Amino acid sequence: MTLPLPISCSQRVKDVLTNTSIDQLEISASMATKILAPVKTEQQILENSMLEDDPNANCSVVTQDQKVRPRWGPQHKGAQELANLYTTGKRTQECICVGICITLMAFNCGFLILHFRIRNMSAIITAALCGIVTADFGSGLVHWGADTWGSVDLPIIGKNFLRPFREHHIDPTSITRHDFIETNGDNFMVTIPFLARMLWDFLTLPEEEVQKKFIWNCYVFLLAIFVAMTNQIHKWSHTYFGLPGWVVWLQEHHIILPRRHHRIHHVAPHETYFCITTGWLNWPLEKLHFWTIMEYIIEYTTSCKPRADDFKWAQKRT
């Protein structure tokens, strides 16, 4: 037989349970607020990045000698020096790579259509989505590596591959003034070995082997397309006027990198939101502190400071 608790004791138990529930709710709410908190506030974006509605105003700053210097944009001295490092040889390499890549894509697309089987549809869709996600992560990894480490003075890769990243941070709208070749040449180059291998398989393997590798080839093909188009998507994210309606629709539905989403990366000192294909992985990677941990490991093992070269170019205002 259970004896009833005295009224005062029963009330005390209720109070304890109520207070415990309130404490738990407050802890849960605090955790949820912390997890869901924006990576950069609107105030940080306003103060530390180029204005969206006037991208060439360049937010000038006043130096110690009371002279106004451009903080961002084509009038920034560092941006001008970096732009002048773009060479004819680099242009030639980009033209060749774009031509080869488009040719390989056309042939591989034809072979994929030729060997398509409707029964594989669900697996093909899954493979395609995996290819897009992989491209987004790859764009973040390359973007983070080129933004954070190395120097324009390095042989071969410095002027040819790191230079555009340095220029982009101090003149973000420069990418909108680049044509298709200059914008996409390097990304098209990256896909060539993979597309060439795929074409070789289609030309040399028997039908049975082609079918065995078909899902994998769908994955590689979508990965290659999104890798190749990453910088074009990136360029669209900086183009605030005159975009085609279908591009704006893709951005608004976050199928490709949205404009407002990418602004978070351009809050100085450019230490977050590196994925620039779809941007799907930016939030989870930031909440996992993925890039911060990677930077800590590299700095601890090599003593190299992240973004040191990027900061050096940003300071060239005179």
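Student: What do the numbering and the confidence limits rest on?

Tutor: Residues are numbered from 1 along each chain as its sequence is written. In this predicted model, local features need pLDDT of at least 70 and side-chain atom pairs count only at pLDDT 80 or more, while totals for chains, interfaces and linings use all residues; side-chain values use heavy atoms, without hydrogens and water.

Student: How is a pair of aromatic rings described?

Tutor: A pair is described by the distance of the centres and the angle of the planes. Rings of Phe, Tyr and Trp (its six-membered ring) pair if their centres lie within 6.5 Å; planes under 30 degrees apart are stacked, over 60 edge-to-face, and the rest tilted. The structure holds ten aromatic pairs. One of them joins F180 and F188, edge-to-face at 5.8 Å centre to centre and 80° between the planes.

Student: Is F188 buried or exposed?

Tutor: Buried means under 20% relative accessible area, exposed over 50%, and partly exposed in between (1.4 Å probe, protein chains only). F188 is buried at 3%, and F180 is partly exposed at 37%.

Student: How do helix α5 and helix α6 pack?

Tutor: Helices are DSSP runs (H or I, at least four residues), numbered from the N terminus. Axes are lines fitted to C-alpha atoms over the stretch in contact, and angles run from 0 to 180 degrees between N-to-C directions. Helix α5 (residues 121-148) and helix α6 (residues 157-170) pack at about 80°, with axes 9 Å apart. The two helices, α5 and α6, are therefore roughly perpendicular, a term covering 65 to 115 degrees.

Terms used: Parallel < 35°, antiparallel > 145°, perpendicular 65-115°, else oblique.
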